[in-house]
Amino acid sequence: MHIMNIQEITKDIFYVGVNDRVKHKFEALWPLPYGVSYNSYIVAGAEKVALIDTVCIEEVREYFNNIDAIAGNRRIDYLVINHMEPDHSGSIPEIVRAYPDIRIVGNSKTIDMIKGFYHIDSDERFLEIKDGDTLPLGDMTLRFYLTPMVHWPETMMTYVEEREVLFSGDAFGTFGALNGGVTDKDMETDVFINEMYRYYSNIVGKYGRFVEKALEKLSGLKFSYICSTHGPVWCDKIPEVVDIVSRLASYKSERGVVIVYGSMYGNTAEVAEMIAREISALGIKRIIIHNASHSNMSDIINDAFRYETLIVGSATYSMRLFPPVETFMNAMETREIKNKVFATFGNYTWAAGAVTAKLKDFADRMKLPVTASMIVKQSASESTREEVREFARTVVSAMAND
């Protein structure tokens, strides 16, 4: 059993989430070196009690222990579902079995998904809400804000007006299990802040324009606490985490250069190192190099999303990009990455234009101008060094004028 610190966040609002320190990869894709939390909450009104989201089915036993520790014999009237991804909705059938009279609160898309995923079909079970609707609990009121495509079509957020508490679904979430404390003021948050960048770029990155719409919709609210479905409850660091998500949603990058390359026998790798040295000599301090065959794709995506300049280099492989580089570029296209200084380099033995053309195709589809491009035949020579210097000067000049 995973032991969890169950606590009152603010008056009559409680954390009942769980930790997962077993799962290796989130969504079977993204590494979890620090684990992950699945956060659920109880809002105990004077007249009614609401449970906000559930947890993945694997952790349901601990979840019920946590609910029982807070609710005891008190009836739970409502189950509010902000997001239907199974890491948050997986325990819905168990909650319904445990609380036969509970009503599930969600929008029309939520209800359709619950019927499809969990075959809970009775219309009397559901309380359908629309954008801006409220649900009174006695001395507290839940107000619902639909935030579609952050990052599924049914996603919404729930706000407790009297406590200035926002239950934000996956927004403002982060990888990392909670190690004792629940709110940010009770822990060191450096790891969670770093993991927030990776979480956003890996999971939410494609949907920046919808995140911006959600932030605009919420801009008039006051927040004392932001309760995400993953990671800490934000309190002291609310301005910082809102700023991070706002910048990422609008594709505003930090100063720095990320070089991603794929190399079979070291020749493309040598050019990557040469480019990095020349860029460093021009005064750029934050340079990150990823060997696409070695680095985890999650980390490559994170850095490419976070920093302003992306340089991609590839060996030619059967007239195509080297497969790990092609996988990375597909990830960039999927996330609709923009506002980058983008440059390319390649290596070939007999097919001179293949790599350049393939990278240009990606750039065109993403509407990313190619700032600089170079190609090396077989291995670097003396003339390559001057080409690299010019390449680096062009890239850094574009950064300075960006």
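## Basis

Contact means heavy atoms within 4.5 Å. Axes are lines fitted to C-alpha atoms, for helices over the stretch in contact, with angles from 0 to 180 degrees between N-to-C directions. Helices (H or I, at least four residues) and strands (E, at least two) are DSSP runs numbered from the N terminus.

The model is predicted: local features need pLDDT of at least 70 and side-chain atom pairs pLDDT 80 or more, while totals for chains, interfaces and linings use all residues. Residues are numbered from 1 along each chain as its sequence is written, and side-chain values use heavy atoms, without hydrogens and water.

## Sheet

Seven strands form an open sheet with mixed pairing, in the order S1-S2-S7-S8-S9-S10-S11; two strands pair if DSSP finds at least two bridges between them. Strand S1 (8-10) and S11 are the edges, each with a single partner strand, so one side of each has no neighbour in the sheet. Neighbouring strands are turned by 25° against each other on average, direction ignored.

S9 (residues 78-80) and S10 run parallel and are joined by three bridges. Leucine 79 has isoleucine 104 in S10 as its bridge partner.

## Helices on the sheet

Helix H1 (residues 60-71) lies across S2 (13-15), S7 (41-44) and S8 (49-52), at about 20° to S7. H4 lies across S10 and S11, at about 155° to S11.

## Helix H4

Thr110, Ile111, Met113, Ile114 and Tyr118 of H4 (residues 108-118) are buried (under 20% relative accessible area, 1.4 Å probe, protein chains only). They cover an arc of only 160° around the axis, which puts them on the same side of H4; the arc is taken from the directions from the helix axis to the C-beta atoms. Their cover includes H2 (86-89), H3 (92-98), S10 (103-106) and S11 (126-128).

At the start of H4, a side-chain oxygen of asparagine 107 comes within 3.1 Å of the backbone nitrogen of lysine 109. Histidine 119 follows H4 and has a positive phi, near 55°.

Definitions and conventions. Buried means under 20% relative accessible area, exposed over 50%, partly exposed in between (1.4 Å probe, protein chains only). A polar contact is a pair of N or O atoms within 3.5 Å; within protein, one must be able to donate a hydrogen and the other to accept it, and residues adjacent in sequence count only if both atoms are side-chain atoms.
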